[in-house]
Amino acid sequence: MKYLGRRLIHAALLLIGVSFFSFALLQWAPGDFFDELQLNPRISARTVEALRVEYGLNQSLPVRYEHWLRSVAHGDLGFSLAYNSAVGPIIAVRARNTLVLTGAATLMAWLLGIPLGIWTATSGRGWANRILGVTTSTLLTIPDLLLFLCLLLLAVRTGWFPAGGMFSPSAEAAAFWPRAKDVFAHLFLPAFGLAVVSLPVLIRHVRSAMVDVLASPFLRAARGHGIPRMRVLFRYALPVAANPLISLFGFSVATMLSASLIAEVILSWPGLGPLLIEATLARDVYVVVATVLLSAVFLVFGNLLADLLLVAVDPRIRME
Amino acid sequence: MGRTRNRRHRAWGCGAIVVCALLAIWGATAIRPLNAAQPGEELAITETPVGRMGGSLVIALRSEPKTLNPALAVDDPSREVLGCLNADLIDINRQTLKTAPALAKSWEVSKDGKQYTLHLRRGLRFSDGQPFNADDVVFTFQVLLDEKIHSPQRDLLVIVDKPIAVEKIDDYTVRFSLAQPYAAADRIFDGIAILPRHLLEATYRDGKFPQAWSLSAPPSQFAGLGPFRLKEYVPGQRVVLERNPYYWKQDKSGNRLPYLNELQFLFVSNEDAEVIRFEAGDTDLLSRVGAENFTMLQKQQAAKGYHVADLGAGLEYNFLFFNLNDLSSKGKPEIAAKQAWFRDVRFRQAVSEAIDRADIVRLVYAGRATPLWGQVTPGNKLWIDSALPHPQCSLDHAKELLRSAGFSWKGDGTLVDPHGKAVEFSILTSSSNAQRTKMATIVQDDLSHLGMNVHIVPLEFRAMVARLLNSFDYEAVVMGIASGDADPTSEMNVWVSDGETHLWNLAGKPSTPWEAQMDKLMQQQEVTINYAKRKQLYDRVQEIVSQNLPVICLVSPNILVGAKDRVGNFRPAILDPYVLWNVEELYVR
Amino acid sequence: MQRKYKFGVVIFLLVVVHAAILFAGFFAPYGYATQNRELPFAPPTELHFVDQAGKWHVRPFVYALADDSDNPGAYRTDLNTRYAMHFFVQGTPYKIAGIFASRVHLFGVSDPGRVFLMGTDEFGRDQFSRFLFGGQLSLLAGLLAAALSVSVGIVVGGIAGFYGGWVDDLLMRGGELFLALPWLYLLFAVRAALPLHVSQAQVLLLLVAVVGLIGWARPARLIRGVVLSAKERNSVLAARGFGASDAYLLRRHVLPEAYGVVLTQITLLIPQYILAEVTLTFLGLGVGEPMPSWGSLLASLQQYYVLSTYWWMFLPALLLIPLFLAYYSVADAVQERLKSVAL
């Protein structure tokens with residue numbers, strides 16, 4: 001309990017640090033939200049200046065930070081200059097969409113990664129194994145951007161998948177099941193792409209963890225006792241090998257809000273990605289800070305989750 | 001068991017038929033009177049071919065709309081959606097580029113040109129069924145002119161430092177008074193959405209107007225005079241509009257417009273995504289597409305059941321300009337030293353003549369652009385000075401000009417100024433605009449043939465603006481301006497030396513005789529009512545620009561659009577909103 | 001035996017590629033900024049030995065390209081016009097390593113013919129030449145960034161692992177904080193603050209260096225792990241017993257243990273930082289025209305019409321895959337070697 005308390009204090013400090021430094025970084029970047037208006041020949045500089053004052057952009061960093069903290073306390077998470085409304089509701093829906101995508105991708109990656117990793121660890125130097133090895137390292141060398149562009153091209157050329165978005169334009173009024181099917185059809189390609197991106201690392205880790213465990217005497221003994229191979233692998237070896245995998249799992253939870261940025265932008269997924277890029281370029285400061293803060297929450301949560309799981313799974317680890 | 005179920009089904013079926021019939025009758029009584037003109041309702045009658053009622057269309061937006069408050073919206077996607085939800089008093093017809101009656105059925109101008117009396121259509125209703133009259137107009141202008149609201153449209157209504165005054169004569173007559181005659185006074189009403197006083201007055205009195213009509217507000221809070229009304233907004237995905245049953249236009253055979261039941265705006269993240277969704281058949285209309293994508297779509301148009309159209313030059317002009325600001329207080333000695341070249345008109349002329357505009361058209365725009373020698377594009381037929389000379393791209397003549405200005409060449413071909421200093425400068429571009437970066441690449445290569453060593457500095461948009469407007473820390477820039485209107489008054493701020501977008505020199509006063517002359521001409525045309533006389537004045541401005549080259553105009557991209565073959569009455573225009581300006585007339589074949 | 005042989009091939013490949021990139025000016029037939037405005041998006045030129053009449057030529061030749069009148073934007077080969085290929089020809093002047101000026105190119109075809117081994121881009125610039133020149137900048141940037149990440153990682157990870165306790169806590173939480181911040185704004189700020197006349201190459205190197213400096217958190221974590229286990233070794237404990245100072249222990253006993261991790265991290269990070277430039281370009285922070293870099297060559301694929309129309313624009317990306325695979329296999333080999341040494 002004391003351990004948990006300490007971790008929570010750490011987390012709070014971290015979040016405050018993240019939000020403050022985000023503010024400071026934003027302050028450094030050139031220009032502000034209203035610059036674009038300034039180049040519009042039909043809007044006067046006086047109006048632009050008045051808008052800056054109205055939205056408090058002329059105030060000093062500590063003052064703005066304090067205002068923002070207060071708005072966080074209200075649950076607004078600041079005020080979006082572009083959307084002219086509180087940030088909280090704007091990012092809530094999009095965060096949900098992002099989580100749908102990354103959740104599906106994580107699930108897919110682990111469902112594929114664990115069997116594949118175990119398989120490469122146990123089957124010798126066969127051809128299939130080698131092909132898998134080359135494929136996974138090739139995947140490591142392809143930039144995400146290119147991978148998603150190619151998936152998009154595939155979708156457009158073959159017509160097998162919808163070309164981006166989360167719903168078909170006609171599916172809005174449909175009942176629950178057709179609607180869920182529609183979302184699934186849209187979800188498959190980006191989730192698959194994300195899973196493919198994280199697979200090589202996952203397979204490598206599963207493999208090396210399993211190789212270490214399989215060499216240990218107790219497993220050789222288990223096999224010697226005639227316990228079926230599958231049972232040995234999944235019932236005895238996997239839990240022992242789980243230790244490094246749990247850290248990895250924590251990491252994938254930690255990056256759930258930020259890992260899909262490029263995929264979302266390219267495949268028009270209505271998540272945080274497109275919003276964040278647009279807000280970043282437009283200097284819609286509070287949207288950026290709120291998004292960063294939210295992903296920091298996930299980062300902290302993911303790491304904490306991993307540590308707690310480790311304690312639960314591995315009796316050798318005690319809370320300090 | 002099976003039998004009873006069958007019977008029950010039949011009973012259900014009968015019930016359903018009765019209900020449907022009742023609904024149909026009820027629907028007929030509820031909707032039919034609205035389809036025909038009500039007594040006392042002064043509907044506008046359109047001239048276009050009669051279409052078919054019903055159906056829906058989908059169009060993509062390249063980013064999300066930010067607000068549905070017409071007084072505050074500045075971004076293109078918001079304005080595009082708002083254009084379908086609202087109506088203005090006097091409209092600029094996108095095909096003739098001249099003014100046409102809208103909510104005001106007619107208007108008169110007083111002899112001195114200072115008073116405009118507008119006669120409103122009678123018997124119109126907002127999309128929530130509430131009546132529209134002069135109070136709504138007065139309220140709208142009160143809000144827009146309120147300095148506390150900070151409406152970006154306010155500046156349009158402030159004519160030579162004096163806000164326009166609004167006065168209600170009777171329920172259907174409004175008078176607008178100007179402090180001095182203003183040539184384009186009737187054009188400023190275009191795009192100014194008339195707000196429903198009955199919905200917004202209380203909010204306005206409470207000082208909460210800026211928060212009203214945000215995207216998250218429920219559709220029931222909205223009402224407008226446009227062909228559509230808000231049905232649903234799904235964050236990150238789409239805005240859905242439905243037919244406004246009270247819209248005030250009618251076709252030749254008496255159908256109340258719009259034809260469409262529904263219009264959907266789909267949010268995508270960039271142009272490529274928009275093209276892909278169009279190619280995949282998800283969207284019916286393509287608003288403005290780049291030349292390469294256009295060429296790609298064109299190849300498959302027959303097979304895929306859509307067509308794309310090249311409307312020719314729009315109003316956007318792209319140009320190169322040098323930093324002619326007074327830098328004495330900015331502490332930039334290096335740039336200030338180079339200004340000796342930039343200020344020499346022969347240097348600017350040589351640069352202009354060395355740039356191969358035809359190559360820009362071919363390589364940057366795949367041939368779908370128009371070369372420019374002045375700021376008015378061929379798309380703006382009312383105002384272009386067609387007598388403007390089009391000097392050929394000529395390296396020899398450019399070299400002659402440089403030689404006459406005292407420049408010379410070293411053995412390795414490097415251009416040096418009279419003091420022996422090598423000519424080297426940088427061109428800023430916005431890295432988010434691929435076309436302008438490409439343009440700069442061609443300009444750089446062209447100028448290298450003159451022996452100039454030119455660097456391209458792509459900067460993120462806001463970083464570029466900061467240098468342009470505040471620190472003056474730049475030497476040359478390639479950028480573009482898309483005029484909001486075809487009329488020269490919309491360009492005042494660019495060409496008058498105290499204008500805020502008089503980018504090459506923001507001193508606030510003319511620093512050369514020709515700038516002083518341009519100021520005078522621009523101010524004169526602003527108050528001249530007679531078109532022919534104004535045209536003469538503005539032709540002179542174009543001449544001065546093309547002779548003195550404060551900005552070196554390069555090209556104007558063509559407006560490229562597309563639509564599925566099933567869209568009827570598709571008549572795109574070169575002025576924003578390109579394909580949706582006649583949205584009430586669009587129908588599904 | 002077989003593995004060793006394979007490793008030899010990999011090393012040979014890497015040496016050849018890096019030499020070609022170092023002497024890009026010599027191996028590239030044209031300058032990276034040379035435009036052929038009549039030949040935008042020309043497909044890769046085919047080399048021939050046999051002509052139309054079936055006659056063999058010792059000297060390879062290429063056919064001329066002409067606009068296809070039936071199909072605007074496409075080309076057809078003019079089979080009547082041949083241009084022979086020559087070696088050690090005079091061409092665009094260049095400098096090797098910024099010092100030795102020369103105009104001699106390994107190969108070229110007689111004027112006005114052109115040879116584009118990897119096709120051309122929208123300005124008719126030779127993609128092959130741009131790929132070689134682009135490698136100079138990208139490899140330098142990748143190496144610089146990887147070195148910076150790892151060296152900060154060594155310092156932070158070494159201290160955190162060696163001292164443990166609250167120092168460790170502080171540094172590792174600091175690492176988490178670092179991972180979460182919106183660094184893009186720092187990059188915007190750095191880019192905007194640079195004076196006008198900094199060259200494009202320097203801008204990119206600086207930006208990638210910043211990215212590298214920010215990326216210390218992960219290598220630091222790994223090095224910390226190694227240090228944690230190393231400091232409990234008997235040799236270290238013994239040395240401490242003899243009164244060795246902390247600095248001495250770190251330098252002589254603990255950090256050498258991390259040598260393998262450092263080397264593998266660098267080989268893994270170089271490709272990552274080279275590819276990071278693609279994302280930088282996506283956000284408008286990439287290298288500016290006309291300077292090529294691998295990141296900017298890949299980034300041109302972002303335009304849908306390029307992606308879907310001109311297959312040869314994929315060639316730079318395809319060439320990078322075996323190169324990066326070679327890096328990874330070097331990393332693997334280092335790891336394996338260390339393991340066998342440790343045993």
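Predicted model: local features only at pLDDT ≥ 70, side-chain atom pairs only at ≥ 80, totals over all residues.
The largest nonpolar core comprises 344 residues. Within this core, the residues with the most contacts are B:Leu89, B:Leu320, B:Phe347, B:Phe425 and B:Met452. The element that gives the most to the core is helix α13 (residues 285-313) of chain A, which supplies twelve residues. A second, separate core has 21 residues, among them A:Val206, A:Val232, A:Leu233 and A:Leu238. In soluble globular proteins, nonpolar side chains tend to be buried together.

The surroundings of B:Met452 illustrate the packing in chain B. When residues up to four places away in sequence are not counted, B:Met452 touches B:Phe347, B:Val351, B:Leu402, B:Leu415, B:Val423, B:Phe425 and B:Leu447. B:Leu450 is located in the loop between α13 (434-448) and β22 (453-459) of chain B. Its relative accessibility is 0%, so B:Leu450 counts as buried. Apart from neighbours within four places in sequence, B:Leu450 is in contact with B:Ala350, B:Ala354, B:Leu395, B:Ala398, B:Lys399, B:Leu402, B:Trp409 and B:Leu415. The C-alpha atoms of B:Leu450 and B:Asp396 are 9.2 Å apart in space, while the two residues are 54 residues apart in sequence.

Over all chains, the structure holds 49 salt bridges. One of them joins the side chains of C:Asp169 and A:Arg6, with an N to O distance of 3.9 Å. This pair crosses between chains, with C:Asp169 in helix α4 (residues 165-180) of chain C and A:Arg6 in helix α1 (residues 2-28) of chain A. C:Asp169 is partly exposed, at a relative accessible area of 26%, and A:Arg6 also counts as partly exposed, at 39% relative accessibility.

Within chain B, B:Asp485 and B:Arg187 form a salt bridge in which the closest N and O atoms are 2.8 Å apart. B:Asp485 counts as buried at 6% relative accessibility, and B:Arg187 counts as buried at 10%.

A further salt bridge connects the side chains of B:Glu262 and B:Lys231 at 2.9 Å, N to O. B:Glu262 belongs to strand β14 (residues 262-267) and B:Lys231 to strand β11 (residues 228-234) of chain B, and the two are 31 residues apart. B:Glu262 counts as buried, with 14% relative accessibility, whereas B:Lys231 counts as partly exposed, with 38%. Elsewhere, B:Asp135, B:Lys168, B:Asp171, B:Arg197, B:Glu201 and B:Arg205 are joined into one network by salt bridges that share partners.

The contact between chain B and chain A takes 52 residues from chain B and 44 residues from chain A. The area buried between these chains is about 4100 Å², and carbon and sulfur atoms give 55% of it. Of the area that chain B buries against chain A, B:Lys66, B:His150 and B:Arg462 supply 18%, more than any other three residues. Four salt bridges are counted between chain B and chain A. The side chains of B:Lys66 and A:Glu278 meet in a salt bridge with an N to O distance of 2.6 Å. Nine residue pairs are in polar contact between the two chains. On the side of chain B that touches chain A, at least two residues each come from α4 (154-157), β11, β14, α6 (271-279), α14 (461-471), β23 and α15 of chain B. The most is given by α14(B), with six residues.

Helix α6 (residues 127-141) of chain A has 15 residues. Its span from first C-alpha to last is 21 Å, close to the 21 Å expected at 1.5 Å a residue. In α6(A), the residues A:Asn129, A:Leu132, A:Thr136, A:Ser137, A:Thr138 and A:Thr141 are buried. In chain B, B:Ser177 is placed in strand β10. With a relative accessibility of 17%, B:Ser177 counts as buried, because the cut-off for that class is under 20% relative accessible area. Leaving aside neighbours within four places in sequence, B:Ser177 is in contact with B:Lys114, B:Gln115, B:Ile164, B:Ala165 and B:Glu167.

Methods:
Residues numbered from 1 in each chain as written. Chains lettered and ligands numbered in written order. Heavy atoms only, no water. Core = buried A, V, L, I, M, F, W, Y, C linked by side-chain atoms within 4.5 Å. Buried < 20%, exposed > 50% of the residue type's maximum accessible area, 1.4 Å probe, protein only. Helix = DSSP H or I, 4+ residues; strand = E, 2+ residues; numbered from the N terminus. Contact = heavy atoms within 4.5 Å. Expected span 1.5 Å × (residues − 1). Buried area = accessible area lost by both parts, 1.4 Å probe. Polar contact = N/O pair within 3.5 Å; in protein donor to acceptor, adjacent residues only side chain to side chain.
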